[in-house]
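Please look at the model shown here and follow, step by step, how its parts meet.

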Protein chains: 2
Amino acid sequence: MSIKFAILVALSEGPKSGYDVAKHFDQSVGFFWHARHSQVYRELGKLRDNGLAVSEEIEQSGKPNRIVFTITDNGREALLKWSREPTEPMEIKDNFLVQLYGIENIDIEGLRANLTLRLESHRDRHSQYAAKHQALENGGTLADLGHQLALEVGMRWEREWEDWCTIALERLSPQAISKLTNVVPIGNKTPGHTA
Amino acid sequence: MSIKFAILVALSEGPKSGYDVAKHFDQSVGFFWHARHSQVYRELGKLRDNGLAVSEEIEQSGKPNRIVFTITDNGREALLKWSREPTEPMEIKDNFLVQLYGIENIDIEGLRANLTLRLESHRDRHSQYAAKHQALENGGTLADLGHQLALEVGMRWEREWEDWCTIALERLSPQAISKLTNVVPIGNKTPGHTA
DNA sequence: ACTCCATATTGCAATAGTGGAATATATATG
DNA sequence: CATATATATTCCACTATTGCAATATGGAGT
């Protein structure tokens, strides 16, 4: 229901081709609702069909022509209307947490390896958000405020994951695991003191 | 790719019918990878087709027969194998953040209303996770540790949203908005001091 | 010279997930 | 007595999203 609006938001910042959306998206609204290029092109077509955007073909030589989309008044109306309805909070959907939930049938060595990898990737993302955020620190417009607030959610999320990964690595260390009761960890090399 | 594993994890705790999975799921693994009943039944069928679970029909009168699924050794193998591969960190996908990103074309009154609603819902979820977490506080098994850690991610997530909503409500208050430069907020009743 | 990358769009098969209807009965609530 | 809710499964249409291949060319790197 809503890549539609993410793209509309992207267009609201200025006319863009599908290529533009797909590319610069990932550095802005796309942080909070991502899509692959094939979906972007399809959705742009729908926006045009529904009168929320208009398109204009721009001739180029050597490359396929650019098709530039511009948001219409109807498009802005749609955004406005959308923002007056309640939005569902997003659901957590994370493989790693599913694995934790099934820890008894999971390779704990693998879990630790994953944890280390993810710590890295959360750090990366955190600094990505932080960089964007810092670039806005002197901005005083409404748009800046919106971007700042959104990025702050991203930063909080990544920071929490970072903290949690560190703690989880300790709580899942071989030493810690070996102190648990009932331990017969499958796929885990640690010799737990079995009953 | 992975409601499959969430269901496998559910089955790993004991044999379950589709109805059981759909129902009790929401109080456990389903926190971290949810599915509607129609999908659950479909996936259970696939697990059986692929030999990761076996099913047994249990006669009942008055109600349709229960079809109880039990995880197989192949199923446990699949979980183990899965946990040795890296998992992608989940992506943020939140309508509300998209709206913030497009704040210039959004009804700020609506945004504030949404913010208030969400504050509520994050509080609810937080206490849901916290209750589950507290019930485990004396548990010392590996399974308990896994559940605790997973729930802690949920708690962190909800707590951060709670904090952030409160802060955002201040930063988006009519008074705060009116102090911004360049303000011609659409759909916002506040008389911004236009240039 | 060769390969890789950026530009730019289209199209399609496949997977993932939602939402609702249909079916059948027992029990609880008003 | 009517209505809702819990039990239990199946099926289907639909939306959402991914991933890949095809097409065409200019420029940068090795």
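Across the interface of chain B and chain A, 30 residue pairs, both partners at pLDDT 80 or more, are in polar contact, that is, they have a pair of N or O atoms within 3.5 Å, of which one must be able to donate a hydrogen and the other to accept it, while residues adjacent in sequence count only if both atoms are side-chain atoms. On the side of chain B that touches chain A, the largest share, 21 residues, comes from α7(B), where helices are DSSP runs of H or I with at least four residues and strands are runs of E with at least two, numbered from the N terminus.

This is a predicted model, in which local features need pLDDT of at least 70 and side-chain atom pairs count only at pLDDT 80 or more, whereas totals for chains, interfaces and linings use all residues. Residues are numbered from 1 along each chain as its sequence is written, chains are lettered from A and ligands numbered from 1 in the order in which they are written, and side-chain values use heavy atoms, with hydrogens and water left out.

Between chain B and chain A there are also 10 salt bridges, each a side-chain nitrogen of Lys or Arg within 4 Å of a carboxyl oxygen of Asp or Glu; B:R84 forms one with A:D107, with the closest N and O atoms 2.5 Å apart.

With contact taken as heavy atoms within 4.5 Å, 83 residues of chain B touch 82 residues of chain A. Because 99% of the interface residues of chain B are also interface residues in chain A, the copies meet through the same surface.
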